[in-house]
Amino acid sequence: MRLSRRFALAAGLAATLAATGAFAQAWPTKPIHLIVPFSAGGANDLLARAAAEGASQALGQPVIVENKPGGSTTLGADLVSKAAPDGYTFLISAAGVISNSMIKKTMPYKDSDLVPVAMIGLAPSVVLVPADAPYNNLKEFIAASQKGPGFHWATAGTGSTPHFVSGVLETKYGAKLDIVPYKSGSESITAVLSKQVEATSEASIVALGFLKSGKLKALADTWTTRISAYPQLSTAQEQGYDELRIAHWAGIHAPRGTPDAILDKMAAAVDAAMKTPAIAERLKGMGIEPIGGNRASFVKFVGEERARLGAVVKATGMKDE
């Protein structure tokens with residue numbers, strides 16, 4: 001009896017695995033949905049649409065982008081975390097997906113409910129000041145901020161990318177900054193243009209127009225490489241600020257339980273999209289750096305990002321009240 005039961009269980013498990021493998025091999029057989037937890041038009045959304053274009057070609061099915069903004073990415077992320085793990089709903093993830101659980105009092109889902117799939121690309125964050133500001137690099141800016149009451153620094157709210165940039169400048173390099181939260185990055189830019197605040201940081205895709213028109217001055221690119229569309233701007237690392245490593249990135253996460261074979265196929269499709277010359281050059285021209293890669297490289301990136309942002313949260317006491 002026991003042997004018969006074990007045989008039946010083994011046979012049942014084998015059948016389940018076989019069915020799962022066959023399902024994954026056939027995938028996709030219908031349109032795939034990418035949920036963007038931001039409004040249309042930003043770096044995350046544009047990266048999502050580029051990935052959708054290339055992945056659709058690679059997978060032979062439509063890839064539909066849906067914008068679900070709200071809750072600092074939690075609305076869209078929660079929707080995906082509760083979706084069926086069948087490979088037809090994915091999240092276009094960003095730094096907030098990593099940091100929200102660190103700064104929010106309550107979360108509608110667990111971090112483990114979403115699994116990393118693929119890196120799409122990123123828009124380096126750029127430290128911005130008025131065009132006529134007397135400082136031209138981070139060293140001069142930090143030194144100037146240390147005199148008197150300090151500088152006002154605009155953010156797009158608690159946990160936003162500019163908030164993390166300011167946190168590193170303060171806790172690691174001694175900048176004296178008074179955080180002024182706005183509702184969006186566009187409001188922060190306006191505040192710098194009107195000199196209500198001394199500085200902010202913003203994604204390269206947003207900053208480029210203001211830099212090329214001479215309306216704002218850039219002090220540094222806060223990622224590890226120079227911006228392809230604005231190579232004259234040095235990185236924070238080149239200026240000696242190695243720990244200022246912040247970018248507006250976009251990747252893909254899936255509901256926990258999605259078969260590995262599907263995740264691998266999706267990652268390969270996104271990687272192929274980012275290596276398509278027409279797509280890559282279009283993104284670079286906008287100030288976005290295409291990345292791609294495999295699942296393992298994105299899992300590594302997410303782990304490093306979690307550790308890096310977690311250290312800033314701890315050092316600054318960052319909390320979403």
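Ser72 sits in the loop between β2 (63-67) and α3 (74-81), with helices (H or I, at least four residues) and strands (E, at least two) taken as DSSP runs numbered from the N terminus. This is a predicted model, in which local features need pLDDT of at least 70 and side-chain atom pairs count only at pLDDT 80 or more, while totals for chains, interfaces and linings use all residues. Residues are numbered from 1 along each chain as its sequence is written, and side-chain values use heavy atoms, with hydrogens and water left out.

On confidence, the protein averages a pLDDT (the predictor's confidence in each residue, from 0 to 100) of 91, and 92% of the residues score at least 70. Where pLDDT is low, the predicted coordinates should not be read in detail.

Most residues other than glycine have a negative phi, and most peptide bonds are trans. Ser72, though not a glycine, has a positive phi of about 55°, and Thr73, in the loop between β2 and α3, has a positive phi of about 80°. Ser72 counts as partly exposed because its relative accessibility is 42%, whereas Thr73 is buried at 4%; buried means under 20% relative accessible area, exposed over 50% and partly exposed in between (1.4 Å probe, protein chains only). Ser72 also turns up among the contacts of Lys104, along with Gly71, Thr74 and Asp320, neighbours within four places in sequence left aside. Lys104 belongs to the loop between α4 and β4 and, at 18% relative accessibility, counts as buried. Elsewhere, a cis peptide bond with omega of about 0° joins Trp27 and Pro28, and Pro28 lies in the loop between α1 (2-26) and β1 (32-36).

Strand β4 contains Ile120, which is buried at 0% relative accessibility. Leaving out residues up to four places away in sequence, Ile120 touches a set of residues including Leu47, Ala51, Ile92, Val270 and Met274.

Helix α7 (residues 185-193) buries Gly185, Ser188, Ile189, Ala191 and Val192. These residues lie on the same side of α7 because they cover an arc of only 160° around the axis, the arc being that of the directions from the helix axis to the C-beta atoms. Their packing partners are β4 (114-130), β5 (151-155), β7 (200-203), α8 (204-212) and β8 (216-221). After α7 comes Lys195, with a positive phi near 60°.

On a 1 Å grid over the protein atoms alone, a pocket is an open set of points with protein on both sides within 12 Å along at least five of seven lines, a cavity is a set where a 1.4 Å probe fits but cannot get out, and lining residues have an atom within 4 Å of a point. Grid points are joined across faces, edges and corners, and a volume is the space filled by probe spheres set on the points. Of the 40 residues lining the largest pocket, Phe38, Ala156, Ser160, Gly185 and His248 lie nearest its centre. The largest share of that lining, 5 residues, comes from α4. The structure also holds 1 cavity of 30 Å³ or more, and the largest cavity has about 40 Å³ of space.

Note on methods. Contact = heavy atoms within 4.5 Å.
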